[in-house]
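Thanks for joining; I would like to take a few minutes on how the parts of one structure pack together. Please have a look at it before I go on.

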Amino acid sequence: MRSIPLLAVDATVVFDEIAAAKHQPRRGRMQAARADVLTAYQSYEDAVPEVGELDEAPLTDAQQEAMRHAFNVETAPMTALRGDLLKRISVARCPFCGISESSTLDHYLPKEQYPEFSVFPKNLVPSCAVCNTRKRDRILDEGTNVRMFLHPCYDVIPDIAFLRVRARMEGDALVLSYRLVRPAGMALQTFQHLRNHFDELDLADRYRRMGLEHLGGQYPALRRAYGPGEDSGRVAEKLVEGAEDFEEVQGPNYWLAKLYRALAGNDDFCDGGFEAVRPELQPH
Ligand SMILES: [Zn+2]
């Protein structure tokens with residue numbers, strides 16, 4: 001979970017280009033919806049990040065279908081927009097999870113309910129397939145009315161530590177468990193929002209699995225730091241350095257930074273327990 005920059009593009013120009021595109025079969029319907037769509041764009045910008053309860057634009061069924069179609073059909077301007085949104089290095093890694101490659105565009109407000117935002121660049125968030133699939137068409141938690149997911153372009157991720165991981169050795173195996181903890185001073189609603197996002201995207205389990213996978217790749221470096229002198233202090237030091245590098249670039253709640261810190265503080269792991277992450281020893 002992290003923030004990403006908006007694409008510098010004029011949403012009205014994008015709409016007009018897509019509506020006027022060659023091979024745009026729904027041109028007339030899009031034109032008829034234009035005023036309502038642009039009004040909806042303005043409401044979205046006025047409300048961000050709290051877009052969870054926006055009124056739906058008064059489009060006819062045919063106009064709604066035309067708007068969704070405008071996203072799905074690969075006209076030249078739609079293809080260009082998709083490319084511009086996804087090709088940026090700053091969004092190459094999915095901002096919802098921070099794990100996988102961004103390969104799709106997620107409609108932050110789902111186009112089923114809000115077809116007016118089908119081609120609105122600010123509503124299109126680069127996302128990995130796993131997050132996009134898990135997110136589906138949900139917006140608000142019905143019990144609390146708090147939004148289910150962070151909007152990576154608008155929500156400010158708190159700078160105080162809220163992600164924790166516990167690392168422990170069980171026999172020869174390393175067991176990781178990620179969870180969220182509400183820091184002193186964080187508003188309950190902010191925490192509920194973070195927790196919805198964390199739970200609904202199954203981040204605890206995804207971080208655990210990808211963490212173990214990542215550590216497999218670090219095994220040679222851990223082994224080297226330990227050396228023939230079995231220097232557990234050096235292993236801990238290397239892990240702290242790694243954590244600091246991650247924190248500097250990704251912030252204090254980056255899942256790998258947390259993992260490195262937890263492992264640096266685990267004497268058993270540093271004193272040879274890291275053998276558990278040797279790729280050929282991990283469960284198949
Ligand atoms: Zn993701």
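Let me begin with Leu263, which touches Ala167, Leu239 and Phe269 when residues up to four places away in sequence are not counted, a touch being C-beta atoms, placed from the backbone, that lie within 7 Å. Bear in mind that this is a predicted model, in which local features need pLDDT of at least 70 and side-chain atom pairs count only at pLDDT 80 or more, while totals for chains, interfaces and linings use all residues. Residues are numbered from 1 along each chain as its sequence is written.

Leu263 is also among the residues with the most contacts inside the largest nonpolar core, together with Cys97, Val235 and Tyr260, and that core has 42 residues. By such a core I mean buried Ala, Val, Leu, Ile, Met, Phe, Trp, Tyr and Cys residues joined through C-beta atoms within 7 Å, where buried requires 20 or more other C-beta atoms within 10 Å of a residue's own. Helix α9 gives the largest share, eight residues, helices being DSSP runs of H or I with at least four residues, numbered from the N terminus. Domain 1 (11-135) and domain 2 (163-281) both contribute residues, so this core lies between them; the bounds come from an automatic or database domain assignment.

A second, separate core of 30 residues includes Ala19, Ala70, Leu109 and Cys153.

Definitions and conventions: A residue is buried if 20 or more other C-beta atoms lie within 10 Å of its own, exposed if 12 or fewer, and partly exposed in between; C-beta atoms are placed from the backbone. Helices (H or I, at least four residues) and strands (E, at least two) are DSSP runs, numbered from the N terminus. Two residues are in contact if their C-beta atoms, placed from the backbone, lie within 7 Å.
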